[in-house]
Amino acid sequence: MNELEQVVADPDFKGYISDLGGPSANMYRMQGKDEAICARCSSPSCIHPVICNNLDTNHKHMTELYRKVDKHPKVKKAFIGSGIRYDLLVDDFNKNNNDGNHDEYIEQVITRHVSGRLKVAPEHTSDATLRVMRKPSFKYFHKFKEKYDRISEKNNLKQQLIPYFISSHPGCEEVDMANLAAETKDMGFQLEQVQDFTPTPMTVATVIYYSGVHPYTLKPVKTVKTREEKQNQNKFFFWYKKENRDWIRRRLQQANRPDLIEKLLDEPKAESQEQKPMPKWLEERRKKK
Ligand code: SF4
């Protein structure tokens, strides 16, 4: 609120806050309940693979802060411009919703702080790739979307939910990208942006990218690196572009995935690709001959 007072006092301030809270907006000021435990902790993540019991994930304080900002007489509108950590708002993943603080937060965001579209970053649909990223299973994104749609409908709002994804991440194979494209298409998305993996310092993914092995298990993890391999992963994402159709069909035929051709290109499975087992009666007749 002190920062807000400084911003609104600026003669150039026109009444709009473009991004309240910063990256991972709903993790603003989340911290250990007992910081003495945190001081002794060596866990690489407070929220993966499960949320630590000692992490205070209550969204109530944030919702109250948003309401305060919203009520400020000099603020016309304050938006959440950065992504929110959606998994922390899914009850199956974060059980800390007995008082309804998750839904209350989402409702506040949806009704007051979204500028047309809300960005969230499931990053991938493949559980194996998500594990390398220390991100939760994509099944939680489905749950979040259900909740988002329910609250939007209740408030008569039609603001787009935009999921962000990454291609060529260590551990991600071409067929994983095809699956990602098929699953998001099935959910009704026609996405326009995918980020190509870029190694950044101090991350497990970067260690894998350069060494070829997972540093915790020392097991090999494949990472695509050439421009061609990266572009190939990217093409599945744009299944709706005419120029990619033939290439996608060929590639999935080679991978023997007629199911994905059907899902991505709306083409029925070709009999020859289905590799159905020969019916018993035909097998026996052939043997007799
Ligand atoms: S994992 Fe738990 S104990 Fe460790 S730093 Fe995070 S909140 Fe604290």
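**View 1. The cavity and what lines it.** On a 1 Å grid over the protein atoms alone, a cavity is a set of points where a 1.4 Å probe fits but cannot get out, and lining residues have an atom within 4 Å of a point. Grid points are joined across faces, edges and corners, and a volume is the space filled by probe spheres set on the points. In this predicted model, local features need pLDDT of at least 70 and side-chain atom pairs pLDDT 80 or more, while totals for chains, interfaces and linings use all residues. Numbering starts from 1 along each chain as its sequence is written, and side-chain values use heavy atoms, with hydrogens and water left out.

How many cavities of 30 Å³ or more turn up? The count is one, and the largest cavity has a volume of about 30 Å³. Its lining is made up of Arg85, Tyr86, Asp87, Ala121, Pro122, Lys135 and Pro136. That's four nonpolar residues, no polar ones and three charged (Ala, Val, Leu, Ile, Met, Phe, Trp, Tyr, Cys and Pro count as nonpolar, Asp, Glu, Lys and Arg as charged, the others as polar).

**View 2. The ligand shell.** Around the ligand (a heavy atom within 4 Å) sit Ile37, Cys38, Cys41, Cys46, Cys52, Asn54 and Leu55. Six of this shell are nonpolar, one is polar and none is charged.

View 3. An automatic or database assignment sets the domain bounds: domain 1 (1–112) and domain 2 (116–124 + 163–269). Their C-alpha centres are 30 Å apart, and six residues of domain 1 are in contact (heavy atoms within 4.5 Å) with six of domain 2.

Note on methods: On a 1 Å grid over the protein atoms alone, a cavity is a set of points where a 1.4 Å probe fits but cannot get out, and a pocket is an open set with protein on both sides within 12 Å along at least five of seven lines; lining residues have an atom within 4 Å of a point.
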